[in-house]
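Please look through the sequence and the structure shown here before reading the briefing.

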Amino acid sequence: MSISKMSFLLIIWILFTLDLSESSHEGCQEEINRLHAQLKSLELRDTKQQQLIQRLLNLNHRDQSSLTEGTFFDLPDKQYIDCAQIFKDGHTQSGFYMIKPLTSPTKIRVCCDMSDGGGWTIFQRRSDGRQSFERDWNDYKNGFGDMQSADGEFWLGNDNLYYLTSQDDYNLRINLEDFEGNHRYAVYKKIKVDNEQNHYQLQFGEYTGNAGDALSGSYHPEVQWWASHQGMKFSTRDRDNDRYDRNCAQEDKGGWWFNRCHSANLNGFYHKGPYSAVTDDGIVWYPWHGWWYSLKTVQMKIRPASFEPNDV
């Protein structure tokens, strides 16, 4: 029993005794009033202590969640083709794992997100601007960034995207957050990224979500012809495959499936919210915040369309 609770019970006993035996004396009444005030003070202090304990527990829970997500899980006894297989095999903690897609020549380290139903293989994450996404073709081909930290920024690599999306029908989920703490998401069915010979051409299916359909540009028919990313080839500052008469990747500071140029640019420069620049080079999702607002966090992840989560 805590000291505050013991004091509380002692004061209750004293009050009860005084009320029974000495309530007729003026001095005792003053003592009763004093003890009532002390009781209220102890109750207030106990409430504050409980609130502090709860805050500490919440902080500890977040720290443990962050530690878990940043942990590498070594599963040498079995080979997996993606995070969905790992999840279905009973490994339901978010973190880093090794997988080997069917056509990949080697194993690759991936970050698995076991939230949102589980089984997601993350291929892009933006969180704080520590990593530059203004990279050349080979960096985007092979992948780059922090694949150690729970909130590290990275690009998994276009070759790996091809290996993953060519082995099954995958859905894409994009989680977005702005600097005001608001969240949106977009889901696209049947995402496909082609091989390097075809410049990692992007194909995707039906959209659902609450962020707006930036990838197809369907939010406004008059801009769709130049803003849609459907069927676009990947471009970088040193490999221009867009439909623009200049280089979108160079102007908008990141590799992406540019058209003329974009209605989404999630590999753009890490401005912080509203910005001004020569071009709309921020981390942009046009239907939500327009071209001149750069988002705080982005997570792009894929999972087989046939995936059904376990009851965990």
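Predicted model: local features only at pLDDT ≥ 70, side-chain atom pairs only at ≥ 80, totals over all residues.

Residues are numbered from 1 along each chain as its sequence is written, and side-chain values use heavy atoms, with hydrogens and water left out.

- Helices (H or I, at least four residues) and strands (E, at least two) are DSSP runs, numbered from the N terminus, and strand β6 covers residues 170-177.
- Because 8 of the 8 residues of β6 are buried, the strand is largely enclosed by the rest of the structure; buried means under 20% relative accessible area, exposed over 50%, and partly exposed in between, with a 1.4 Å probe and protein chains only.
- Tyr170, Leu172, Ile174 and Leu176 point one way from β6, whereas Asn171, Arg173, Asn175 and Glu177 point the other way.
- β6 pairs in the antiparallel sense with strand β7 (residues 183-193) over 7 bridges, and two strands count as paired if DSSP finds at least two bridges between them.
- Within this pairing, Arg173 stands opposite Val187 in β7, and in the hairpin of β6 and β7, which has 5 residues between the strands, Gly181 takes a positive phi near 85°.
- β6 also pairs in the antiparallel sense with strand β14 (residues 297-304), over 8 bridges, and the bridge partner of Leu176 in β14 is Val298.

**The nonpolar core**

- A nonpolar core is a set of buried Ala, Val, Leu, Ile, Met, Phe, Trp, Tyr and Cys residues joined through side-chain atoms within 4.5 Å, and of the 60 residues in the largest one, Ile174 and Trp285 touch the most other members.
- Not counting residues up to four places away in sequence, Ile174 touches several residues, including Tyr185, Leu215, Trp285 and Val298, where contact means heavy atoms within 4.5 Å.

**Helix α5**

- Asp159 is found in helix α5 (residues 158-165), and because its relative accessibility is 16%, Asp159 counts as buried.
- Leaving aside its neighbours within four places in sequence, Asp159 is in contact with Lys141, Glu196 and Tyr200.

**The loop with Ser132**

- Ser132 is found in the loop between β3 (120-126) and α4 (137-142), and at 40% relative accessibility this residue counts as partly exposed.
- A polar atom of the side chain of Ser132 lies 3.3 Å from the backbone nitrogen of Glu134.
- The C-alpha atoms of Ser132 and Gly145, which are 13 residues apart along the chain, are separated by 8.4 Å.

**Backbone features to check**

- Most residues other than glycine have a negative phi, and most peptide bonds are trans.
- His199, in the loop between β7 and β8 (202-203), has a positive phi near 60°, and at 23% relative accessibility His199 counts as partly exposed.
- Lys253 has a positive phi of about 60° although it is not a glycine, and Lys253 is found in the loop between α7 and β10.
- A cis peptide bond, with omega about 5°, joins Arg260 and Cys261, and Cys261 has its place in the loop between α7 (248-252) and β10 (264-265).

**The largest pocket**

- About 220 Å³ of space lies in the largest pocket, a volume being the space filled by probe spheres set on grid points that are joined across faces, edges and corners.
- Of the 13 residues that line the largest pocket, the closest to its centre are Asn175, Glu177, His183, Thr297 and Gln299.
- On a 1 Å grid over the protein atoms alone, a pocket is an open set of points where a 1.4 Å probe fits, with protein on both sides within 12 Å along at least five of seven lines, and lining residues have an atom within 4 Å of a point.
- β6 gives the most to the lining of the largest pocket, with 4 residues.

Conventions: Polar contact = N/O pair within 3.5 Å; in protein donor to acceptor, adjacent residues only side chain to side chain.
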